[in-house]
Amino acid sequence: MHRPSTIEQVQEIVANAPSVRVLGSRHSFNDIADSSELITLEAMPTEVVVDHAANTLSFNAALKYGELVNTLSAEGVALHNLASLPHISIAGAVATATHGSGDTNGNLATAVTGLQLVTSSGEIIEVSRGEPDFDGLVVGLGALGAVTRITLDVEPVYEVRQRVFEGLSWEALFEHFDEITSRGYSVSIFTRWGETNDQVWVKSRVTDEAERAGSDLFGAVAAAVDRHPILELDATPCTPQLGRPGPWSDRLPHFRMGFTPSSGEELQSEYLLPRRYGIEAIEAVRTLGEGIQPILQVSEIRVVAADRLWMSMSYGEDTVGIHFTWKPKRAAVEDMLVQLESALVPFAARPHWGKLFNADAAVIAPLYERLPDFIRLVERLDPRGAFCNSWLKAHVLG
Ligand SMILES: Cc1cc2nc3c(=O)[nH]c(=O)nc-3n(C[C@H](O)[C@H](O)[C@H](O)COP(=O)(O)OP(=O)(O)OC[C@H]3O[C@@H](n4cnc5c(N)ncnc54)[C@H](O)[C@@H]3O)c2cc1C
C-alpha cells in the first residue's frame with residue numbers, strides 16, 4: 001500500500017508499478033479495486049477551491065462527500081444529489097457511477113466537469129466536460145489511471161425536508177409509480193417483497209411546493225417517528241425526517257456521517273434498467289420474493305435520470321434501480337443473483353459496478369453501446385495494463 005503525499009510521488013509510483021489500483025474509501029462489495037499494489041491518496045493535501053463565477057468546486061481526489069460539507073456550507077454552495085451515505089470518497093463514487101435518486105437527478109458522476117489523472121506512464125492529463133473522450137473518462141472503473149483531482153458542478157445552498165410513508169401497497173406502487181417518484185426531489189421505496197412496501201422516503205427541496213408530500217401517499221401513512229430503512233433498527237444513524245427542514249447534506253443521504261451506515265454487516269447488489277421497464281422488472285423480482293426474503297435485509301427502489309457517460313448504468317435512458325442489501329450469507333446470495341439476473345434479462349438490466357453481480361463481459365457487452373470506445377480508451381491510456389485487474393477482465397474487457 002503506497003501513501004503518496006504529492007502528485008510527483010503518485011506519478012513515480014504509478015509509472016513503476018507492474019500492477020496497481022487506487023483505493024477510495026473501500027465501500028465497494030466486489031473485487032473492482034483489487035491489485036497487487038494499491039495506492040491511497042489520503043495523505044495528499046485536500047486543496048478545496050470553490051469558483052463562484054464558474055459554479056464549480058475542485059479538490060484532491062481522496063476526499064469523502066461528508067468531509068466537503070463544512071467547506072461547502074461556508075461558501076454557500078451545494079451539490080445536486082448524494083448517495084445513501086456521505087462516507088464514500090468522491091473519486092470512488094464517480095468511478096462506479098454511484099447514484100442517489102430523483103426523476104431529474106443524474107448520478108453523482110454527472111456533476112463532474114473536470115478530472116486530472118495520472119496515467120500508467122506517469123503522465124498527468126487534464127480533461128474537461130465537452131472535450132473529446134470526457135464522457136468515457138468520468139465513470140472510469142479505476143481502469144484509466146489514478147484520478148488525482150476532480151471538479152464538480154455546484155449550485156446555491158438549499159434546504160430539504162424528508163418524510164417517510166409506511167405500508168404502500170403494490171397496487172398503488174404500480175398504478176401511481178410516476179406520481180410517487182415525482183412526489184419529491186429524491187424518492188426511495190424500501191421493500192422486503194412482502195404484502196406491502198415497508199416505507200417510501202420522500203425528500204423535497206424546501207422551495208418545492210411546501211405540502212406536496214401531504215400526510216398520505218396513495219394509502220401509505222406518514223410515519224410518526226424517525227425510521228431506519230430496515231424497520232427494526234434504531235433510527236439514530238439516520239438523517240432527520242418528520243418533515244423537519246435542514247441542510248441538503250443532512251437530508252439527501254439516508255445515513256449521517258459519524259455513524260455506521262446501513263446495518264454495517266451486509267452484502268449489496270443493484271440492477272439499473274430502463275425506466276420504461278421499471279414496473280415489469282419489479283414484478284419479475286417479486287416472483288422471486290420467497291427466495292429473496294430469508295437472505296435479505298432490505299431492498300431499495302430508486303430512479304436516476306439519463307446521462308451520456310459511456311460506462312454509466314444510466315447511459316442513454318432514465319433508469320429504475322432495484323437494490324438489495326443482503327445478509328452476509330455469500331453462497332446463498334450468489335445463488336440468488338443467478339436467478340435474479342436471469343429474471344432481469346428481458347429488461348436489459350445493468351449491474352451496479354461497485355456491488356455484487358455475476359454477469360460476465362459477454363453479458364455486459366451488449367448493454368453498453370460505447371463499450372468498444374471505452375476499451376480503446378483503456379488501451380490508449382494504459383497500454384501496459386497496469387490498472388487492469390482480474391475483475392475488469394472478467395466483467396468488462398473480456
Ligand atoms: C453502506 C453502503 C451504502 C451504499 N450506498 C450507495 C448508494 O446509495 N448508491 C450507490 O450508487 N452506491 C452505493 N454504495 C456503493 C458505493 O457507492 C460504491 O461502491 C462506490 O464505488 C464506493 O466508493 P469508494 O470510495 O469506497 O470506492 P472503492 O470501493 O474504494 O473503489 C471503487 C473503484 O473506484 C476506483 N477508485 C477509487 N478512487 C480512485 C481514484 N482516485 N482514481 C482512480 N480510481 C479510483 C477503485 O480503483 C475502484 O475501481 C454503497 C456502499 C455501501 C457500503
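**Close-up views of the predicted model**

The residues lining the second largest cavity divide into 5 nonpolar, 2 polar and no charged. This and every view below come from a predicted model.

**View A. The second largest cavity.** Seen here is a space of about 30 Å³. Its lining is made up of Tyr65, Leu79, His80, Asn81, Leu108, Ala111 and Leu152. The search of the whole structure turned up 2 cavities of 30 Å³ or more.

**View B. The largest cavity.** This cavity holds about 40 Å³ of space. Leu82, Ala83, Ser84, Gly100 and Ser101 are among the residues that line it. Ser186, Ser188, Lys203, Leu252, His254 and Arg302 also belong to the lining. By class, the lining counts 3 nonpolar, 6 polar and 2 charged residues. Lys203 and Arg302 are the charged members, because Lys and Arg count as charged.

View C. The ligand is surrounded by 37 residues. Val22, His27, Ser28, Ser89 and His352 are the closest. Sorted by class, the shell has 16 nonpolar, 16 polar and 5 charged residues. Strand E1 (20-23), helix H3 (90-95) and strand E8 (146-153) each contribute at least two residues to the shell. H3 gives the largest share, with 4 residues.

View D. Which residue places a backbone N or O atom 2.6 Å from an oxygen atom of the ligand? That residue is His27. In His352, a side-chain N or O atom sits 2.7 Å from an oxygen atom of the ligand. In Ser25, a side-chain N or O atom is 2.8 Å from an oxygen atom of the ligand. On its own, the ligand has 980 Å² of accessible area, and the protein covers 97% of that area.

**View E. The salt bridge between Arg244 and Asp226.** The closest N and O atoms of Arg244 and Asp226 are 2.8 Å apart. The two residues are 18 residues apart, and the pair links distant parts of the chain. Where do Arg244 and Asp226 lie relative to strand E14 (220-222) and strand E15 (246-247)? Arg244 is in the loop between E14 and E15, and Asp226 is in the loop between E14 and E15 too. The structure contains 19 salt bridges, and the Arg244 and Asp226 pair is one of them.

How values were computed
Residues are numbered from 1 along each chain as its sequence is written. This is a predicted model: local features need pLDDT of at least 70, side-chain atom pairs count only at pLDDT 80 or more; totals for chains, interfaces and linings use all residues. Side-chain values use heavy atoms; hydrogens and water are left out. On a 1 Å grid over the protein atoms alone, a cavity is a set of points where a 1.4 Å probe fits but cannot get out, and a pocket is an open set with protein on both sides within 12 Å along at least five of seven lines; lining residues have an atom within 4 Å of a point. Grid points are joined across faces, edges and corners, and a volume is the space filled by probe spheres set on the points. A residue is near a molecule or strand if one of its heavy atoms lies within 4 Å of it. A polar contact is a pair of N or O atoms within 3.5 Å; within protein, one must be able to donate a hydrogen and the other to accept it, and residues adjacent in sequence count only if both atoms are side-chain atoms. Accessible areas come from the Shrake-Rupley method with a 1.4 Å probe; for residues, only the protein chains shown count as cover. A salt bridge is a side-chain nitrogen of Lys or Arg within 4 Å of a carboxyl oxygen of Asp or Glu.
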